[in-house]
Amino acid sequence: MSVSYQAVGWNRQKKIYDSVLAGGVAIYLAIFVALGVAVHPYATVETLLIRAMGTAALLLLHVILAIGPLCRLDRRFLPLLYNRRHLGVTMFVLALAHGMFSLVQFHAFGNTSILTSLFTSNTRFSSVADFPFQALGFFALLILFLMAATSHDFWLKNLSPAVWKRLHMMVYTAYALLVAHVALGALQSETSVWLSLVLAAGMATLVTLHLLAARREAPADAPAFDAGEFQTIPEGRARVVSMNGERIAVFRHEGRAYALSNVCAHQNGPLGEGKILDGCITCPWHGYQYRPETGAAPPPFTERVATFETQLRDGRVFVGGCRG
Amino acid sequence: MGARMIRPLRRAHYRIWLTLAFLLPAIFAAALLARRDATPRNPQLNWEQYR
């Protein structure tokens with residue numbers, strides 16, 4: 001880590017946030033273990049801790065995944081977003097402790113290494129009821145480790161926001177793996193209907209929140225720049241418009257509208273003054289060609305121009321954001 | 001992160017959760033349907049006390 005970065009930029013809000021978080025986790029673990037001792041007096045402390053930390057991590061993951069859509073649906077939830085990274089790291093620590101205790105309890109006392117035992121003691125991949133669910137948890141933990149390890153502005157800046165975001169979107173893969181880990185593991189032996197209901201309610205809540213938030217934002221993401229009437233653009237030709245200071249060629253081709261940068265990648269020729277030949281937009285200067293859908297030159301050429309979203313509404317073409 | 005990055009991300013999120021909306025219940029249902037009745041519990045035996 002660079003000397004110009006601090007591990008945590010503490011302030012009063014973060015201290016309160018983390019105190020509530022640490023207190024909440026400690027209370028949850030204490031209540032879980034105490035109830036466990038009362039209900040299952042012969043259960044070992046290791047077993048109770050494995051269950052307590054596993055359920056705490058899964059619960060926290062649900063909270064973490066709910067914060068994003070909740071904030072998009074109602075700004076009053078924004079304070080929860082403020083220190084979400086610490087929630088994520090706490091969840092990883094709980095999941096790691098759950099995994100380590102489980103590995104020791106179930107795989108450390110044989111004559112093979114722990115990881116060898118994890119991946120070879122059960123190879124019934126074709127069975128649903130006996131599926132090696134522990135491996136699913138292991139791979140989810142790997143993803144959570146990558147996320148926790150890069151959960152800092154240092155990595156956000158050095159990996160670039162796009163790469164960092166892609167890496168952290170792997171949390172959805174981890175979530176699916178963990179649902180499978182629990183459904184094929186704990187729910188196979190713990191047949192209480194309440195456990196199944198809690199997991200089902202968690203999944204349903206997350207899916208509903210994310211889809212609701214996406215639906216609410218869809219109109220705001222719709223292309224908004226009015227590029228004029230579609231019918232007045234001749235087939236295979238373009239109308240050049242200026243959007244936010246950038247010249248964009250809006251082509252009409254086989255009933256659809258395509259918007260591309262008006263600047264040819266070869267010598268900045270005006271693509272909008274060209275026409276579509278053989279399915280490709282053709283620059284009037286030197287004949288460089290680009291596919292209207294992608295802005296890419298047909299193989300073996302590698303040139304590319306930026307494309308923009310388009311939408312036809314009430315006979316007019318609307319141009320939106322750059323697609324790359 | 002400008003709109004150029006946010007919009008595709010939102011679209012990706014939407015597609016991912018649409019997929020999960022079908023995938024997660026499928027995993028969950030398959031796991032519950034595959035669940036077998038365990039051997040009846042012996043109330044006289046608590047294996048953990050023998051560890």
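Start with A:Phe138. Setting aside neighbours within four places in sequence, A:Phe138 is in contact with A:Leu115, A:Leu118 and A:Phe119, where contact means heavy atoms within 4.5 Å. A:Phe138 sits in helix H6 of chain A, residues 133–149. Helices (H or I, at least four residues) and strands (E, at least two) are DSSP runs, numbered from the N terminus. A:Phe138 and A:Leu177 are 39 residues apart in sequence, and 9.2 Å apart in space from C-alpha to C-alpha.

Before going on, the ground rules. This is a predicted model, in which local features need pLDDT of at least 70 and side-chain atom pairs count only at pLDDT 80 or more, while totals for chains, interfaces and linings use all residues. Residues are numbered from 1 along each chain as its sequence is written, chains are lettered from A and ligands numbered from 1 in the order in which they are written, and side-chain values use heavy atoms, with hydrogens and water left out.

Now the helices of chain A. Two packed helices are described by the angle between their axes and the distance between the axes. Axes are lines fitted to C-alpha atoms, for helices over the stretch in contact, and angles run from 0 to 180 degrees between N-to-C directions.

Take helix H1 (residues 12–39) and helix H4 (residues 84–107), both of chain A: their axes come within 10 Å and cross at roughly 30°. H1(A) and H4(A) are therefore roughly parallel to each other. On the wording, angles under 35 degrees count as roughly parallel, over 145 as roughly antiparallel, 65 to 115 as roughly perpendicular and the rest as oblique. The crossing of H1(A) and H4(A) is right-handed; that is the term if the near helix is turned clockwise from the far one by less than a right angle, and left-handed is the term if anticlockwise. Residues of H1(A) in this contact include A:Tyr17 and A:Asp18, and those of H4(A) include A:Arg84 and A:His86. By class, the contact of H1(A) with H4(A) has six nonpolar, two polar and two charged residues. Here Ala, Val, Leu, Ile, Met, Phe, Trp, Tyr, Cys and Pro count as nonpolar, Asp, Glu, Lys and Arg as charged, and the others, Gly among them, as polar.

How do H1(A) and H2(A) cross? Their axes come within 9 Å and cross at roughly 140°, so H1(A) and H2(A) are oblique to each other. This crossing is right-handed. Among the residues that meet are A:Phe32 and A:Gly36 in H1(A), and A:Leu48 and A:Arg51 in H2(A). The contact of H1(A) with H2(A) divides into 15 nonpolar residues, two polar and one charged.

Helix H2 (residues 45–73) of chain A also has its axis within 9 Å of that of helix H11 (residues 193–221) of chain A, at a crossing of roughly 20°. H2(A) and H11(A) are therefore roughly parallel to each other, and their crossing is left-handed. A:Glu217 is one of the H11(A) residues in this contact.

A:Glu217 also takes us to chain B. A:Glu217 forms a salt bridge with B:Arg10, with the closest N and O atoms 3.7 Å apart. A salt bridge is a side-chain nitrogen of Lys or Arg within 4 Å of a carboxyl oxygen of Asp or Glu. The count between chain B and chain A is two salt bridges. The contact takes 29 residues from chain B and 39 residues from chain A.

Last, one backbone item. A cis peptide bond joins A:Pro299 and A:Pro300, with omega about 10°.
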